[in-house]
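Good morning, colleagues. Please look at the sequence and the structure as I put them on the screen.

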Amino acid sequence: MRETHDLSISGEALVGLSSQVVKMGFGFAGFILFARVLGPVGLGGYLVVLAAGRFVSQVADGVAGGIQKRVSEANANERELLGTGIIFHVGLIAATAILLVLTGGYLQQYINAPRISLSIVIIVATMGAFSIAQQFYQGLGYPGYSSWIDTFRSIITILSQVVLLLSTDLGSFALVLGICIANGTSALVTVGLARTWPAVPKW
């Protein structure tokens, strides 16, 4: 873990601010493009499943916040804390999948969204994984760099979505796949930068 006296508050704030400006620019450009290509119905379907996935992922965000707090403390067992986050998240994915298997057909009748059950499950899986990895990395003492990783994720999201949207006939589902590719890739990169291998936590 990075020592507190090594942190530069102003430097981390500047790094984080610059990343947010870049991320907002890419997000705005992507939203305009998707609205023009998909139209209101197609884009609306994507936003519905994205909102549902983000809502469920709040559970993973809560766990990640607790891990971030604990890993920042002295003598924290970083490997077990990361393992705890992964175990909780696997349980969340399983519960989400089971619930959508039972209710997916009903939802599809009333919500015009692309492959609604599959879309929500993979969004929850990848978005939650990134949240746990990013907040774990923040807890190690790298808030500014973790913000740039989030910006990297946004750039990869837009690029993946544009390529899939323009090169396939998947429609709105291309946007779902794009954001999942970016989430998964960014989670792996973040864990790699943290240089921490997860361990099974003690009871």
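How much space lies in the second largest pocket? The second largest pocket holds about 280 Å³ of space. By pocket I mean, on a 1 Å grid over the protein atoms alone, an open set of points where a 1.4 Å probe fits, with protein on both sides within 12 Å along at least five of seven lines. The volume is the space filled by probe spheres set on the points.

Before continuing, I note that this is a predicted model, in which local features need pLDDT of at least 70 and side-chain atom pairs count only at pLDDT 80 or more, while totals for chains, interfaces and linings use all residues. Residues are numbered from 1 along each chain as its sequence is written, and side-chain values use heavy atoms, with hydrogens and water left out.

Helices α2, α3 and α5 (172-194) each supply at least two lining residues, and α2 gives the largest share, six residues. Helices here are DSSP runs (H or I, at least four residues), numbered from the N terminus. The lining has 12 nonpolar, three polar and no charged residues; Ala, Val, Leu, Ile, Met, Phe, Trp, Tyr, Cys and Pro count as nonpolar, Asp, Glu, Lys and Arg as charged, and the others, Gly among them, as polar.

I turn to the helix pairs. The axes of α2 (residues 78-110) and α3 (residues 116-139) come within 8 Å and cross at roughly 165 degrees. Axes are lines fitted to C-alpha atoms, for helices over the stretch in contact, and angles run from 0 to 180 degrees between N-to-C directions. The two helices α2 and α3 are therefore roughly antiparallel (over 145 degrees). Their contact (heavy atoms within 4.5 Å) includes Leu82 and His89 of α2 and Ile120 and Phe136 of α3. By class, this contact of α2 with α3 comprises 14 nonpolar, seven polar and one charged residues.

What is the angle at which the axes of α3 and α5 cross? The axes of α3 and α5 cross at roughly 25 degrees and come within 8 Å, so α3 and α5 are roughly parallel (under 35 degrees).

Finally, the axes of α4 (residues 143-167) and α5 also come within 8 Å, crossing at roughly 145 degrees. Among the residues in contact are Phe152 and Arg153 of α4 and Asn183 of α5.

Terms used
Angles under 35 degrees count as roughly parallel, over 145 as roughly antiparallel, 65 to 115 as roughly perpendicular and the rest as oblique. On a 1 Å grid over the protein atoms alone, a cavity is a set of points where a 1.4 Å probe fits but cannot get out, and a pocket is an open set with protein on both sides within 12 Å along at least five of seven lines; lining residues have an atom within 4 Å of a point.
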